[in-house]
Every structure is written in structure tokens, then in C-alpha cells.
Amino acid sequence: MNSSNLLLEEPIRMATILEPSKASVFPAMTKIIGTLGVKSRSVDVISDCLKAGMSAARFDFSWGDPEFHQETLENLKMAVKKTKKLCAVMLDTTGPELQVINKSNHPISLEADTLLVLTPDVEKEATPNLLPINYNGLAKAVKTGDTIFIGQYLFTGKETTSVWLEVTEVKGDDVVCLIKSSATLSGSLYTLHVSQIHIDQPTLTELDKEVISTWGVRNSIDFLSLSYARHAEDVRHAREFLSKLGDLSQTQIFAKIENVEGLTHFDEILQEADGIIFGRGNLGIDLPPEKVFLHQKVALFKCNMAGKPAVVTRVVDSMTDNLRPTRAEATDVANAVLDGCDAILLGAETLRGLYPVETISIIGKICSEAEKVFNQDLYFKRTVKYVGEPMSHLESIASSAVRAAIKVRASVIICFTSSGRAARLIAKYRPTMPVLSVVIPQLKSNQLRWTFSGAFEARQSLIVRGIFPMLADPRHPGDPANATNESVLKVALDHGKALGVIKPHDRVVVCQKVGDSSVVKIIELED
């Protein structure tokens, strides 16, 4: 959590920083999640996004109907076949999101220093003096003097379509507000956010459940982004719901922390969730601006020490309309990497932005540069100290594999796994080289049919920093618990050579099981 996460070795000449970076096989070790939408849903654009470095696609059900998202997903599948690049699928729930109901979709001009009534009566028409909202408990939750923000969904902060309100009076179910800034509400979806209040609605709404049990089941989603996660019970409830939906029992749940309530219960949520999404859009409203950075650093540190993926959102909002990020945004991306994030999630930038491919490309370049000066030695020591002794068997093997790889300057770590857990533990120690995760399919039965596992496990590592998965052929005679069979290792080495990460005379660290034992071995390749 300190500035020594940055590694700079003396002497440093500024001129050397300006030298072009060497091309690498992977855009970055840090992963990039792109939200697919109106500007990024054609086969060609998605293909270019995958080539630029997108490893997971987010489908945001706060807007758009299932048919729209299904068409986009079918295009994603075609793009995956076309580019031969794996891509995970994330379904993002709506959650207890407060929305403005503007049935006419006509622009609404709001004038500063005038009064505006927020009403739960959705049958009324939206006007410059009255806005219907989809929540009938707002009057009970707010008090005079509270601040309310209304902005276009995935607002970037610079639009003239965002407005701040101050509560002046509560009249029955209505809330009377003073408009603090002039704005014009135009667009398809506007959301409302009140700082630091409890919204008395379930985190997983009935609409969310319907989408998950239909669209989610049909498409075997890899990740569920649980919006507005506020308590550990929210995650447990979502997991219980998924457990009854066949293959979705394997779906990983990423808790999206978007308000102070979620931060207050962060430790308990982290324990239950498979990963964390630090939703800075809403957090930036709920928290005082000067507190956002510290909460981010603490949250990422906790995720790192728990060995669970941490995702940061809202990094290059200006690229929604511009070809380059601002100086502050570029620095923000780099700092997120130095803080320890696993992935960057792009929202408006790829959903409705004009430059989705360019945005992904430049994010990858910034992440790659930051990774070069990430102080891995300090991070490794701190993680080992935090884990303490005695280490678990797997943790000991994982940390030993990373230490050995760094000492011998290995080009890659190859890890054989069936569940993906071993590879994730290796990635927890942030090796400076890629982790090639070879997922060995396992034959399983539900008493009605036999199937092979592995596809879920391979795609779910696409959000973990530094892991690059390959799915072994289920017809292959390899077995992760059988080291006498070197054929799978040869396939993995050949795959690494084909990618360009393994070259003649390179050293490779291999982590695999031998019977009931785990083994770390070092291989030096010949010509």
C-alpha cells in the first residue's frame, strides 16, 4: 500500500524512458474487460477488441433487452473463432439501481436554483419540475440537506447531462429538491444516486434472477458481476441461486463494491466472493473525493493478500469521445496496476464510446509499462510475510515456483491444473513472467450424461493477472497427477513456442502433480 510498489533502479536517464517499448507476445499481464454495446457489437469490431487485448466481455443488463445482448454474444462467438482467442463472458446485474423514468424520451432541461420534485408515481410524465423514479422508498431514506446526483448511465463526469440536487423538503412519498446546476437530461437511461443511504431493495432483484435463469443459463456465463453488493449475505444468496441452475453452479461471483455500505462490510464480502470489482463511478459519488484513492489501495491490497482477483473500473472516461486519455487518466491506470489490480474494466469507453479498439490498445500499453516497474521483490516478500507459517501445501508450492522462476530467469511458468486453483495461487505472487495454465479436462457425470470439465476453468483465469490459459485436448492421454507422461508437457511447450513466449535455450519452470505430491521442476530447453 505504499509508493515502494514502484521499482526504479538507478541510474535513470529520462531519454531511456522515451525509447520505444519492445513488442511483447501479450499486450499486458493485466487483463482488460470490455463492455460490449452499440459501438462494439459487430464481429469485426469485437475481433479487433480481442486482438487489442480484451480477454473478457461484459454484458450490462442495466440497459438493452436479452435479444440485443444475445445477438452481440453470437457475434462474440464468431469473433472468438475468427481470432482464435479465448474470451470470458460476464453478466452484470442491474441490482437496486435507482432510475429516472422518462417514458417520452424527450430531453428535459433543468435550471439551476429552481425546485424539482422526485416522485415514485411512474405514471406521471417527466417534466423540468417533476421526475418519476423507480423507487417508492426514497422519501423515507433521505432528509433535508442530503445530496442527490442524477446522471446519464455510465456518466463520464464532464457531460452537461449530469445534475446535482439538494433535498429541501419531503412531502409524503415525494422528495422536493433544489437544482444546484443546470443540465439537460437526454439519452436512453438516467440513474439517481444518493450519498450514503440504505436502499431497501434486494441486491439480486427479481428481474436479475429472470435474466440469469434464462439468458445466463442459455449461455453458461463465466462470471456474475453482482452490482451494489452490500453484505456477505448478498453473495451467499446469489451463490445459492446459481447452485440450482445446472452449469451456473460453476459461475464465479464478483462482488461489485459501489457504496459506503459495501466498503463497511468489505472483509466479509471478500471472504464470500470469488473476486471484487471496485465500482468507482458510484463510489466517487458516495465517498468524499479525497478518500477514493485510499479505499482503492486498501481494497486492492486485501484482494491481493487473499489471492482473489481485483478489478478497477472507470479509468479513461474521456476516451468515450476522445482518441487519447488525459494525463491524469493515464497515470490513474498505471497506479491501479502498481496498486495490484488484476484487470481494468471499461464501461462507457467501449459500450458507447467512439474508439473502443483504440481504448483497449492504449490501456494495454499503459499497463505493460507499469508492470515493468512493479516492485515484484518487495511484493513477494510482503505476501509471504502476510501468509505466515506454516503455509498450506499448495501455497508453499506456488510461492516456490515463482521464486524459482525469478531466480533462474525463466521465460514462463507452466502449471498443470484441473480446477485452476494452482495457477491462481501462482499468480497471487505476481511473477514477472507469464503463467501458462494448462487446464486438464476431467470426465464427470450428472447420472444422465458424461461431460468434460475444463472450459469454465480456462476462461475464468482470463481475469487473473499474468495467467494465460490453454485447454488440453480431452482425448490426450495426459493426466495432471501423472508426471511419467510427458506428452502434455510437450504440447504446452509447443504452444508456448508457437505463441513466441518460449525460445531455444530458455528456462521454464513447471508446476505439476506426481501422484499425491506436487513438484516444481526447472527445464532448460535445447535448440
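Which residues of H15 are buried? The model examined here is predicted, and local features are reported at pLDDT of at least 70, side-chain atom pairs only at pLDDT 80 or more, and totals for chains, interfaces and linings over all residues. Residues are numbered from 1 along each chain as its sequence is written, and side-chain values use heavy atoms, with hydrogens and water left out.

Helix H15 covers residues 393-407. Helices (H or I, at least four residues) and strands (E, at least two) are DSSP runs, numbered from the N terminus. The buried residues of H15 are Glu395, Ile397, Ala398, Ser399, Ala401, Val402, Ala404 and Ala405. Buried means under 20% relative accessible area, exposed over 50%, and partly exposed in between, with a 1.4 Å probe and protein chains only. An α-helix has 3.6 residues a turn, so residues three or four places apart point the same way. The length of H15 also agrees with expectation: its 15 residues should span 21 Å at 1.5 Å a residue, and its end C-alpha atoms are 21 Å apart. The expected span is 1.5 Å times one less than the number of residues. Just after H15, Arg409 takes a positive phi of about 55°.

Salt bridges were examined next. A salt bridge is a side-chain nitrogen of Lys or Arg within 4 Å of a carboxyl oxygen of Asp or Glu. By this rule the count is 25. One of them links Arg507 and Glu524, at 3.4 Å from N to O. Arg507 lies in strand S23 (residues 507-514) and Glu524 in strand S24 (residues 517-524), so the pair ties together parts that are 17 residues apart in sequence. Arg507 is partly exposed, at 36% relative accessible area.

Salt bridges with shared partners also join Arg58, Asp60, Asp92 and Lys256 into one network. Within it, the side chains of Asp60 and Arg58 meet at 3.2 Å, N to O. Asp60 is buried, with a relative accessible area of 0%. Arg58 is buried as well, at 1%.

Asp146 and Lys143 form another salt bridge, with their closest N and O atoms 3.2 Å apart. Here Asp146 is buried at 11% relative accessibility, whereas Lys143 is exposed at 55%.

Ser62 sits in the loop between strand S2 (54-60) and helix H3 (66-83). Ser62 is buried, with a relative accessible area of 11%. The side chains of Ser62 and Glu97 are joined by a polar contact of 3.3 Å. A polar contact is a pair of N or O atoms within 3.5 Å; within protein, one must be able to donate a hydrogen and the other to accept it, and residues adjacent in sequence count only if both atoms are side-chain atoms.
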